[in-house]
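Subject: Structure handover

Hello,

Here is the structure for you to look through. My notes on what was found in it come after it.

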Amino acid sequence: MDCGRQYPVDQIIYSCETCGGLLDVQHDPEYLKKTITSDLFDKRLGTYEAPYNSGVWRYKEMIYPDVPNDMVVSRPEGNTNLYRTPKLAAWAGVETLYLKHEGENPTGSFKDRGMTGGVTQAKVLGIERVACASTGNTSASLAAYAAWAGLEGIVFFQNKQIAMGKLAQAIAYGATGIQVDADFDRNLELVRQVAEHLGIYVLNSINPFRLEGQKTIMIEIIQQLRWQVPDWIVVPGGNLGNTSAFGKGLHELYEIGIIDHMPRIAVIQAEGANPLYRSYLNGLTSMEPVHAETVATAIKIGNPVNFKKAVRTLKWTNGVVEEVSDQEIMDAKALIDRQGLGCEPASACSLVGVQKLVRKGIIKPHETVVGILTGHVLKDADAVLQYHSDTLEGIHPRYANKLYQSEATIEALSSILETKEAEPA
Ligand code: F0G
């Protein structure tokens, strides 16, 4: 993406040999302009035919046009709902807020959209072992897609603060799991080195085929809005794979002429893991890694590898970056959960980020906002139970839902139900 050097699509490579920069999948703009219409994608809605029944491969021409359909490894993913949420909109201070629930993917996070692209490419390359470092969701997704494709999955975890649901998934799906005495950022360096040493394919978001899949979140939202562009897309930022993919997808839609302007992207980081936010305050010229700490373990990342692609997205979309506290994240999560939607802590950055940006006058109340919920509520059940029982260190739950204990008698049960304080709607 920096020096413009090109590599063939079947070369195993994650950064440029000339400049060390990140790689992009480069599509042929003439082919895209000739082939793609919104009608083509609308006609595939509701089909049972693989791989077009996937919310990633419905857009195959924009993802990986040449790959034979029977090589595609799909569960199928995507096709997640876009919820209009008037109560949360009112809370955040806007008239129209939609939440795109990526927790509705097969393994419960947006990672499946990337993994279908990455594991398909592993199959094309004839590779048998795939690996990643992960704060949890990438490993759950890799484990499932590797198993589905008949490959060996290998996942490196940091040795503390990994949400149980994610760890359990990776083990259940049969991946080789290794807990390494290091944080996510170090684990990612290690997985790249070990993979090169042993000839294993890396499926972190440095892999450009992952990002091709993840960019379909943007295409699908715009299709769900009947090809209208919202004013804002608000997304949590960790390793900045989504941020990078969103910009690329939108830019391509714009170049093909499917959309006539770009939405603005707001990236929301946790205060304790905010290297992009700090860089944003300094004009995005460089990024200093930070030691990351946050209750939102999915985004506990201090040195995001996709920084440069994220900056490109911010420039293309006139984007902004905001930070939110752990307290704000957990309270916003409780509100999303109580709507019956539910999400994991990191996802709640999207909602509280909207509120913060409205209060700062950056998002205007009349603007249409789409927030991305990145992961399912069951990913981190510990965080839920600790929040509601007020045992989460440093957090004072504003929206705790108390769990009652009762003797097994009608009197005791009636007494609880009749004296229970009415919950606010
Ligand atoms: N939300 C959730 C639920 C995530 O799992 C992640 C990243 C993010 C947000 C941040 O996305 O990295 O594209 O900026 N999880 C990775 C993992 C790092 O290993 O599962 P990003």
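**Pockets**

The second largest pocket is lined by 15 residues, and Gln161, Val295, Thr297, Gln386 and Leu392 are the ones that lie nearest its centre. Please keep in mind that this is a predicted model, in which local features need pLDDT of at least 70 and side-chain atom pairs count only at pLDDT 80 or more, while totals for chains, interfaces and linings use all residues. Residues are numbered from 1 along each chain as its sequence is written, and side-chain values use heavy atoms, with hydrogens and water left out.

A pocket is found on a 1 Å grid over the protein atoms alone, as an open set of points with protein on both sides within 12 Å along at least five of seven lines; a cavity is a set of points where a 1.4 Å probe fits but cannot get out, and lining residues have an atom within 4 Å of a point. Grid points are joined across faces, edges and corners, and a volume is the space filled by probe spheres set on the points.

The second largest pocket holds about 310 Å³ of space. Helix 16 (residues 381–388) provides the largest share of its lining, three residues. Helices (H or I, at least four residues) and strands (E, at least two) are DSSP runs, numbered from the N terminus. By class, this lining has seven nonpolar, four polar and four charged residues. Here Ala, Val, Leu, Ile, Met, Phe, Trp, Tyr, Cys and Pro count as nonpolar, Asp, Glu, Lys and Arg as charged, and the others, Gly among them, as polar.

The largest pocket has about 990 Å³ of space. It is lined by 38 residues, with Asp24, Val25, Gln26, His27 and Lys248 closest to its centre. Helix 11 gives the most to this lining, five residues. The lining of the largest pocket has 21 nonpolar, seven polar and ten charged residues.

**Cavity**

There is one cavity of 30 Å³ or more. The largest cavity has a volume of about 310 Å³. Among the 26 residues that line it, Phe110, Lys111, Gly238, Asn239 and Ala298 are the closest to its centre. Helix 11 supplies the largest share of this lining too, with three residues. The lining of the largest cavity divides into nine nonpolar, 14 polar and three charged residues.

**Sheet and helices**

Six strands form an open sheet with mixed pairing, in the order 1-2-10-7-8-9. Two strands pair if DSSP finds at least two bridges between them. Strand 1 (82–84) and strand 9 (320–324) are the edge strands, each pairing on one side only. Strand 2 (residues 96–101) pairs with strand 10 (residues 368–373) in the parallel sense over six bridges. In strand 10, Val370 stands opposite Tyr98.

Helix 14 (residues 326–338) packs on the sheet and touches strand 8 (264–270), strand 9 and strand 10. Contact means heavy atoms within 4.5 Å.

How do helix 14 and helix 16 cross? Their axes come within 11 Å and cross at roughly 95°, which makes helix 14 roughly perpendicular (65 to 115 degrees) to helix 16. Axes are lines fitted to C-alpha atoms, for helices over the stretch in contact, and angles run from 0 to 180 degrees between N-to-C directions. Met330, Asp331, Lys333 and Ala334 of helix 14 meet Ala383, Val384 and Tyr387 of helix 16. The residues of this contact are five nonpolar, no polar and two charged.

Regards

Conventions: Angles under 35 degrees count as roughly parallel, over 145 as roughly antiparallel, 65 to 115 as roughly perpendicular and the rest as oblique.
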